[in-house]
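This report concerns a single protein model and is meant to be read beside its sequence and coordinates.

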Amino acid sequence: MDSVPLGIPPDQWISYVDYRFKEKTQETCKRNAEIRKKQIVSHIGSSKPNSRRRAEMPGRGQLYLATHRNEDGSYVNEAAKEICEKIELELSQSTVDESEILPNDAVGKVLGKEHSGRVRCLGLGAVPGRDFRQTRHRYSDLNASSYNNGSCSSQWQEKYNQMLNAHNQIQENYREMMNAFKAYMIMKEGRIPEEFAGIFVSPPHSTSSDAAS
């Protein structure tokens, strides 16, 4: 704690050293090191978070391929090569929008169901319950509309009738208002001033009998 590096506030350095030397922290680091040794498919994601890469690449499939290839185009290892080739095949045969985060996109088909605590290629904090939720809602709405195809026509007819009735009511209200305004002008002025004559016209789409009256 006394060996504070240049440019770092002493209180922050003391807090950091205290954290690193805690028994719980050292146990976590040891466990993570053992987990990394068992990792079959490594990646070259470096320190750039996947959340930033998502804005640059269309979908999880492309992101997975980009983080498991070296700069020369070779794969990080044979296990990664096998998975990437399967993902490439799925992308070429896909019938869904691979730019969407879907449970059945190329990555989901090749690597299987997601763990409840993460979504592959989306970085820290991503979980299926939240990141797949909007997708499920879209599919639910689509399925509902497909099941209700038979009643769709009658529903739209009913909506059209409601809109038509509302339109007719607006026209009727407009005519009543203008008639009342015209009567008021005649009562006050004895006539309709020329500058106001143009406003006493029928509303758009009125019938010929309306215009005549």
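**Helix α5**

The model is a predicted one. Helix α5 covers residues 78–93, and its end C-alpha atoms lie 23 Å apart.

Which residues of α5 are buried? They are A80, I83, C84 and I87. These four span an arc of only 100° around the axis, so they sit on the same side of α5. In general, an α-helix has 3.6 residues a turn, so residues three or four places apart point the same way. The cover over the buried residues of α5 includes α4 (60–66) and α6 (106–111). On the other side of α5, the exposed residues are E78, S92 and Q93.

The N-terminal end of α5 is capped by N77, whose side-chain oxygen is 3.3 Å from the backbone nitrogen of A79.

**An aromatic pair in helix α1**

The whole structure contains one aromatic pair. It is formed by W13 and Y16 in a tilted arrangement, with 5.7 Å from centre to centre and 35° between the planes. Both belong to helix α1 (residues 10–20), and because they are three residues apart, about one helical turn separates them.

**Cysteines and accessibility**

Zero disulfides are found in the whole structure.

| Residue | Relative accessibility | Class |
|---|---|---|
| C29 | 30% | partly exposed |
| C84 | 0% | buried |
| Y16 | 44% | partly exposed |

How values were computed
Residues are numbered from 1 along each chain as its sequence is written. This is a predicted model: local features need pLDDT of at least 70, side-chain atom pairs count only at pLDDT 80 or more; totals for chains, interfaces and linings use all residues. Side-chain values use heavy atoms; hydrogens and water are left out. A disulfide is a pair of cysteine sulfur atoms within 2.5 Å. Buried means under 20% relative accessible area, exposed over 50%, partly exposed in between (1.4 Å probe, protein chains only). Rings of Phe, Tyr and Trp (its six-membered ring) pair if their centres lie within 6.5 Å; planes under 30 degrees apart count as stacked, over 60 as edge-to-face and the rest as tilted. Helices (H or I, at least four residues) and strands (E, at least two) are DSSP runs, numbered from the N terminus. The expected span of a helix is 1.5 Å times one less than its number of residues. The arc is that of the directions from the helix axis to the C-beta atoms. Contact means heavy atoms within 4.5 Å. A polar contact is a pair of N or O atoms within 3.5 Å; within protein, one must be able to donate a hydrogen and the other to accept it, and residues adjacent in sequence count only if both atoms are side-chain atoms.
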